[in-house]
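Hello,

Here is the structure I said I would pass on. Please open it first; my notes are below it.

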Amino acid sequence: MRIDAVELRRVSLPLAAPFRTSYGIEHERQAVLVRVAGEGTEGWGECVAMTEPLYSSEFADGAALVLSRHLAPRLVGRDVTAEGVAEALAPVRGHPMAKAALEMAVLDAELRGEGRSLGERLGATRELVPSGISLGIAGSIPELLDVVAAALAEGYQRVKLKVEPGWDLEPTRAVRERFGDILLQVDANGAYTVADIDHLAGFDDLDLLLIEQPLAEDELAGHAELARRLRTPVCLDESITSARSASEAIALGACGVVNVKPGRVGGYLEAVRIHDVCVATGVPAWVGGMLDTGLGRAGNVALAALPGFTLPGDLSASARWFDEDLTEPFVLEDGYLRVPTGPGLGVEPLPHVLAARTTDIDLIRP
Ligand code: OSB
Ligand code: MG
């Protein structure tokens, strides 16, 4: 399609409850939305960069700037396909989250034009995907047990606990002892070092599905060493930035499971290529989340319906994060989320919520 204009919208949604991880605490979700318009159709994308550069080097203000000054100008006034977006943006180094948002918007617009759903386009084979929940670091173990009990009562099929040095084995063991045979995993967001390997081996008694990103983003050899020393499968999140890096991490033995986040890897199309690498190498994969609004959630649920995503993803109901989502809310149906079937993402921002939550608009034209 020919892109006539790219609109960048900064939005800020209050979180239903603060979310604490090893790298900080979030009270609101600031996101950059991308709307592309052209040839009588439009499409929406969401940039997953967080407010501060604590999970990744990308952050919302930076993503908005690189989108406005360097990325959107490479597409406006041009004829592009979703397939061609990554190549058109490749001269700009890095910034996968910003690039992913633009590709997502073009993909949505293209599919709306064709009347085809994202799930169908990506290769979805399921109508429902199992829902997992990611729980932040709590104030105390009794508080954590209450939050886990509430999540299980709502129907979540798998629980992920954020951990960090000082909040790891003890709370995880308390959850295992209190709730028995649930699907349980932990995520450290790189808070440990190879010096902690003996300590991390303490998770081996707790029958976890996996331990996610225990070491730093660039510590592939360290993760490989850890994987040799632990019975608990090592899963990588931050370290996996492309299909190539996924292949290399798997070949090195740095991970036995892969968390696929479309934003982190430059878009849904690269996410599918990582899925394919995982299928080809027999490595279980799942779809991660980034406190996504309904737009990103719709895309992630469609992606998670591919056959190689064999573990429940960080795909929770809208209400896990927002009292009021940007789109019609995603709700749990017996512990599952339904894959949208409408054209493109199958959802769009509710005009009144979008208007109320927009803090800035930037229009890029040829
Ligand atoms: O590490 O998986 C992570 C949220 C923001 C940034 C990084 C991560 C997370 C989560 C929440 O764990 C996942 C979700 O959106 O459900
Ligand atoms: Mg993670």
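This is a predicted model: local features need pLDDT of at least 70, side-chain atom pairs count only at pLDDT 80 or more; totals for chains, interfaces and linings use all residues.

The protein chain splits into domain 1, made of 5-115 + 350-364, and domain 2, which covers 119-338. Between the C-alpha centres of domain 1 and domain 2 the distance is 23 Å. Domain 1 brings 33 residues to the contact, and domain 2 brings 40 residues.

On area, about 3200 Å² is buried between domain 1 and domain 2, with 64% of it on carbon and sulfur atoms. The residues of domain 1 that lose the most area to domain 2 are F19, R20 and Y55, which together make up 21% of what that side buries.

Separately, E324 and R357 form a salt bridge, in which the closest N and O atoms are 3.9 Å apart.

Which elements supply the side of domain 1 that touches domain 2? At least two residues each come from the strands β1 (5-21), β2 (24-38) and β3 (41-47), and from the helices α2 (82-89), α3 (96-114) and α13 (351-357). The most come from α3, which gives 9 residues. By type, the residues on this side of domain 1 are 21 nonpolar, 3 polar and 9 charged.

Best regards

Notes. Residues are numbered from 1 along each chain as its sequence is written. Chains are lettered from A and ligands numbered from 1 in the order in which they are written. Side-chain values use heavy atoms; hydrogens and water are left out. Domain bounds come from an automatic or database domain assignment. Contact means heavy atoms within 4.5 Å. Buried area is the accessible area (1.4 Å probe) that two parts lose on being put together, summed over both. A salt bridge is a side-chain nitrogen of Lys or Arg within 4 Å of a carboxyl oxygen of Asp or Glu. Helices (H or I, at least four residues) and strands (E, at least two) are DSSP runs, numbered from the N terminus. Ala, Val, Leu, Ile, Met, Phe, Trp, Tyr, Cys and Pro count as nonpolar, Asp, Glu, Lys and Arg as charged, and the others, Gly among them, as polar.
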